[in-house]
Amino acid sequence: MLCVRAPGRVNLIGEHTDYNEGYVLPVAISLETRVHARPREDMHCIIYSDTLDEQAEFNLSAIPEPADLPSGFVRYVAGVAWALQAHTERTLTGVEATVCSDLPLGAGLSSSAALEAAFAVLWNTLDELHLDRLTLAQLCQRAEHVYAGVQCGLMDQAASLLSEAGHALFLDMRTLFTQSVALPPNWAIVVADTGKPRALAESEYNLRRAQCEEAAGALRIVLGKEIIALRDVSPEQAALYLPLVEEPARRRARHVIGENARVLEFLTALRHADAPRVRHLMLASHTSLRDDYEVSGAELDAMVNACLHAGAIGARITGAGFGGACIALVEKAQLEQFLHQAEQHYRQHASYEPRFYACEAVSGASVCL
Ligand code: ADP
Ligand code: MG
C-alpha cells in the first residue's frame, strides 16, 4: 500500500497576473488530499473518492478520450495518467486507490490540482519515472487543460508540487523560475471564505483577459514590439503611457502592472517580516482589485474589513473574485481571538455563512511515511 498527500494552495499576492505573464506568490496549505493506493498486476484503475462517495474505472492500456469519460473526478485522474504516459511513452501500473481530502471542493483552494498532484507523485513513485517536480506540475496542468477542459495557468499545480514547508512559492509565469520565500514563523495563514458562491466568474474572467490583451496591444504600438504582455510594462511607463489606452482596459492594465510590482515588494517585506509593509501591500492589492479590476463585491469587501477589524496583519481577495475567499495573515498568538472577532464582524455586515480555515504553510506533495 502506498499513500501520497498533496496540499491545496492559496495565493498571498499577485492576482490576475498569471495570464499576463507576471508574478504570483502562492503558498501550499495544510488542507490536503490523500490517496491510498494498491498496485495491481494489470493496467486497470479503480478509483474511489471517499469525499464524493463515487467510484470510477478506466484502463491504462486504452485511456478513454475526455468526452468518453463521465464528467467529474475521474477525468482529473485519467488525465494525469494520460499526460504521464504520453510524456514517458510508457504504460503505467494499474491501481486500486481511495481518495480522501479535507480540502473543500470548488472553493478556490485548488482541490483539483491537489488531486492531480497526488496521482502524479503516486505514479512517479510506483513506476520510478524520475520526473522532476516542475515537469510533473506541467503534466498535471496539461491534464487539467485536456481532460477537465479548464485552461488554468501553472500556479496551482506548481504550488502543490514544489512548495517547501514554512515558505511561500514565488513563481514567474513567463520563465517558470521559482523560489521559496520564508514566511515569518509566527504568522498564520487564514483563508476566510465569504460563503458567497463565485458567480459570473467565467464570463467576467474571459472579459478581463481580453481587456488586458487590448491594453498590451495598445502599449505595444507606442512602446515597441518588446511589449509582449503587460508584464513587460514598468510602473514608470504605465504612468506615462496608460492615459493613451481606452477605458476600461486602462484600469485593468493599471491593476496588473501595479500588482506585479507589489509581488516583488512583498518578497522584500516578507524577508524582513515587515508587518506594516505587508499590510499596506495587501490592502493596495485589494483596493486595486476592487476599483481598477472590478472583481470584488460587497461580501469580499466586508470580509477584508472584518479581518482588519479583528487584527489581521493584512487581508485581501484571493482567487479570481466575484465571491469566494479572502486571505488574511494573522499573528499566531492572536489567532483564536481573530477567528472569533472576524466571524462576528462579518456576520453583522453580510448575510452569507462564512467559513474560516486557519492553515500552516506545508511542503508540496509527498509519499506519506
Ligand atoms: P478547486 O480546484 O478550486 O477546488 P475545481 O472546480 O477546479 O475547484 O475542482 C474541483 C473538482 O475536482 C471537483 O468537482 C472534483 O471533480 C475534483 N476533486 C477534487 N478533489 C476531489 C476529491 N477529494 N474527490 C473527488 N474529486 C475531487
Ligand atoms: Mg481547480
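Reader: How far apart are the mean positions of the positive and negative charges of the chain?
Author: Happy to start there, with a predicted model in which local features need pLDDT of at least 70, side-chain atom pairs count only at pLDDT 80 or more, and totals for chains, interfaces and linings use all residues. Residues are numbered from 1 along each chain as its sequence is written, and side-chain values use heavy atoms, without hydrogens or water. Lys and Arg count as positive, Asp and Glu as negative, while His and the chain ends are not counted; each charge is placed at NZ of Lys, CZ of Arg, CG of Asp or CD of Glu. For the 30 positive and 46 negative charges, the mean positions are separated by 5 Å.

Reader: What radius of gyration does the chain have?
Author: The radius is taken over C-alpha atoms, and the globule rule is 2.2 Å times the number of residues to the power 0.38. For 369 residues a compact globule would come near 21 Å, and the chain agrees, with 21 Å.

Reader: What share of the residues of the chain counts as buried?
Author: Buried means under 20% relative accessible area, with a 1.4 Å probe and protein chains only. Of the 369 residues, the buried share is 54%.

Reader: How far apart are the end C-alpha atoms of helix α2?
Author: Helices are DSSP runs of H or I with at least four residues, numbered from the N terminus. The expected span is 1.5 Å times one less than the number of residues. Helix α2 (residues 111-126) has 16 residues and should therefore span 22 Å, which agrees with its end C-alpha atoms, 22 Å apart.

Reader: How many residues of α2 are buried?
Author: This helix is mostly covered. Of its 16 residues, the buried ones number 14.

Key: Chains lettered and ligands numbered in written order. Helix = DSSP H or I, 4+ residues; strand = E, 2+ residues; numbered from the N terminus. Buried < 20%, exposed > 50% of the residue type's maximum accessible area, 1.4 Å probe, protein only.
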